[in-house]
Amino acid sequence: MTADFHRPTRFPPTMFEGFLGADDPAQVSRVAHDTAAAVLSRVRADPDPEIVARLVSYTDEHGIDAIAELWSRASPKSLPGALWRIYLLRTMIRQDAAGVSLAFQRGTEVSPTIDQVVAGAPTPAGPAEVRELADVILRGVFAGDFAAALERAAAFCRVASTGFASLADDADAADAAHPDRPGMLTRRALRLSSLGEELAACARLWRHESLD
């Protein structure tokens, strides 16, 4: 990862739709796999807290584009694809912590699953709590049970997706001031649902030693 990115890139919500909806290339770049494996193996072999902290906050200094250049075109069910999606989720949370926390809280109220428990979020989970949870999950990728970190992220996505869908149902499509709000909320729900499925698949592959 270079140090040429001086400012974090801030994306509007529609940019995340583009990243998550794009088709992956048929052949994943060897560079993506090599860099992902090198970063993960080196840090997990010696999880120095300072290095882990720098990796967690890497996109705050260099921008999500630095990670995207390396890993965004990798298969969703691959090591670089998993790392990219974890960083993307963290960035999405940090750029709209209030909106995501509102959706997550709604999701905990309407979802019958134990995903909130799996995600490890406190109750209630406000903007500060979901930002911290995103950091905790990413730290777990580098210095904990890798599959468990992916499963926590997947569970978070499912709860937030359920919440956005519920908020979309509540939105008034006839509201002249916000006519696109229901559709926007529904798209965010679908994106997070897809992201959760991909992270859960990566967790299963990791547990079977098949994620590369």
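Begin at the end of helix α11, which is followed by glutamate 209, a residue whose phi is positive, near 55°. Helices here are DSSP runs of H or I with at least four residues, numbered from the N terminus. The model is a predicted one, in which local features need pLDDT of at least 70 and side-chain atom pairs count only at pLDDT 80 or more, while totals for chains, interfaces and linings use all residues. Residues are numbered from 1 along each chain as its sequence is written, and side-chain values use heavy atoms, with hydrogens and water left out.

Remain at glutamate 209, in the segment after α11. Most residues other than glycine have a negative phi, and most peptide bonds are trans. Glutamate 209 counts as exposed because its relative accessibility is 77%; exposed means over 50% relative accessible area, buried under 20%, and partly exposed in between, with a 1.4 Å probe and protein chains only.

Next, select residues 181-207, helix α11 itself.

Move to the loop between α8 (115-119) and α9 (127-143), where proline 124 is placed. A cis peptide bond, with omega about -5°, joins threonine 123 to proline 124.

Continue into helix α9 and select valine 130. Valine 130 is buried, at a relative accessible area of 1%. Beyond its neighbours within four places in sequence, valine 130 is in contact with Ile93, Ala97, Ser101, Ala125 and Phe156; contact means heavy atoms within 4.5 Å.

Now display α7 (residues 97-110) together with α10 (residues 146-170). These helices pack at an angle of about 90°, with their axes 6 Å apart. That angle makes α7 roughly perpendicular to α10, a term covering 65 to 115 degrees. Axes are lines fitted to C-alpha atoms over the stretch in contact, and angles run from 0 to 180 degrees between N-to-C directions. Among the residues that meet are Leu102 and Phe104 in α7, and Phe164 and Leu167 in α10.

Finally, select serine 72, in the loop between α5 (64-71) and α6 (79-95). Serine 72 is buried, with a relative accessible area of 17%. Its side chain reaches the backbone oxygen of alanine 68 at 2.8 Å. Serine 72 and tryptophan 84 are 12 residues apart in sequence, with their C-alpha atoms 5.8 Å apart in space.

Technical notes
Helices (H or I, at least four residues) and strands (E, at least two) are DSSP runs, numbered from the N terminus. Angles under 35 degrees count as roughly parallel, over 145 as roughly antiparallel, 65 to 115 as roughly perpendicular and the rest as oblique. A polar contact is a pair of N or O atoms within 3.5 Å; within protein, one must be able to donate a hydrogen and the other to accept it, and residues adjacent in sequence count only if both atoms are side-chain atoms.
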